[in-house]
Amino acid sequence: MEHLSAVLLDRVQSEDPAWKDSGTAFITSITRLLERLLDYRSVIQGDENRDKRMSCTVNLLNFYKNEFNRKEMYLRYIYKLHDLHLAAENYTEAGFTMKLYADQLGWSSTILPPDHSHPQQPEWQRKEVLYHKIIIT
């Protein structure tokens, strides 16, 4: 991974100056994503790695929310973190994890596409369902 990053950075910096800044930023972001994904892969199995898995999942959540703005990937890891907390009987943390998703939703009537836990429904209804799930968790 480090070699790939170095080769790509060298290549981008030696090319057209217009690509230098955006190319460097892109390669840096991809390198950070690969680091997080490799960390996650290394701790994916075994109960003894549960806390590390939670930490890696939070790192991926933050990356997808702040750096890539990939909502579908962010939601995927929200559900994974929620399930990890439930398995560890961390019910409060599981509820707070779902609140991360609920806080991103508004009360509009915009129809949201289905995801792996919810059917297609208005935004306000999904937010309501999430709050109910948070309360009973």
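**Briefing: helices, aromatic pairs and a pocket**

A102 lies in helix α5. Helices here are DSSP runs of H or I with at least four residues, strands are E runs of at least two, and both are numbered from the N terminus. This is a predicted model: local features need pLDDT of at least 70, side-chain atom pairs count only at pLDDT 80 or more, and totals for chains, interfaces and linings use all residues. Residues are numbered from 1 along each chain as its sequence is written, and side-chain values use heavy atoms, with hydrogens and water left out.

- A102 counts as buried, at 0% relative accessibility. Buried means under 20% relative accessible area, exposed means over 50%, and partly exposed is in between, with a 1.4 Å probe and protein chains only.
- Leaving out residues up to four places away in sequence, A102 touches K127, L130, Y131 and I134. Contact means heavy atoms within 4.5 Å.
- I134 is 32 residues from A102 along the chain, and their C-alpha atoms are separated by 9.3 Å.

**Aromatic pairs**

- Rings of Phe, Tyr and Trp (its six-membered ring) pair if their centres lie within 6.5 Å; planes under 30 degrees apart are stacked, over 60 edge-to-face, and the rest tilted. By this rule there are six aromatic pairs.
- Y40 and Y77 have ring centres 5.6 Å apart and planes at 90°, so this pair is edge-to-face. The pair links distant parts of the chain: Y40 sits in helix α2 (residues 17-42) and Y77 in helix α4 (residues 71-87), 37 residues apart.
- Y40 is buried at 10% relative accessibility. Y77 is buried at 4%.
- Y64 and Y77 form a stacked pair, with 5.9 Å centre to centre and 15° between the planes. Y64 lies in helix α3 (residues 50-68) and Y77 in helix α4, so the pair ties together parts that are 13 residues apart in sequence.
- Both Y64 and Y77 are buried.
- Ring pairs join Y40, F63, Y64, F68 and Y77 into a cluster.

**The largest pocket**

- A pocket is found on a 1 Å grid over the protein atoms alone: it is an open set of points with protein on both sides within 12 Å along at least five of seven lines, whereas a cavity is a set of points where a 1.4 Å probe fits but cannot get out.
- The largest pocket holds about 170 Å³ of space. That volume is the space filled by probe spheres set on the grid points, which are joined across faces, edges and corners.
- Its lining has 13 residues, and L75, Y101, P114, D115 and R126 lie nearest the centre of the pocket. A lining residue has an atom within 4 Å of a point.
- Helix α4 gives the largest share of this lining, five residues.
- The lining of the largest pocket divides into seven nonpolar residues, one polar and five charged. Ala, Val, Leu, Ile, Met, Phe, Trp, Tyr, Cys and Pro count as nonpolar, Asp, Glu, Lys and Arg as charged, and the others, Gly among them, as polar.

**The annotated span**

- H82 is in helix α4. H82 is buried, with a relative accessible area of 3%.
- Beyond its neighbours within four places in sequence, H82 contacts A94, T97, M98, K133 and T137.
- N66 is in helix α3. N66 is exposed, at 59% relative accessibility.
- From N66 to Y101 is 35 residues in sequence and 14 Å in space, C-alpha to C-alpha.
- E128 is in helix α6 (residues 123-136). E128 is partly exposed, with a relative accessible area of 45%.
- E128 and V43 are 85 residues apart along the chain, with 34 Å between their C-alpha atoms.
- E89 lies in the loop between α4 and α5 (91-104). E89 is exposed, at 56% relative accessibility.
- E89 has a positive phi of about 60°, although it is not a glycine. Most residues other than glycine have a negative phi.
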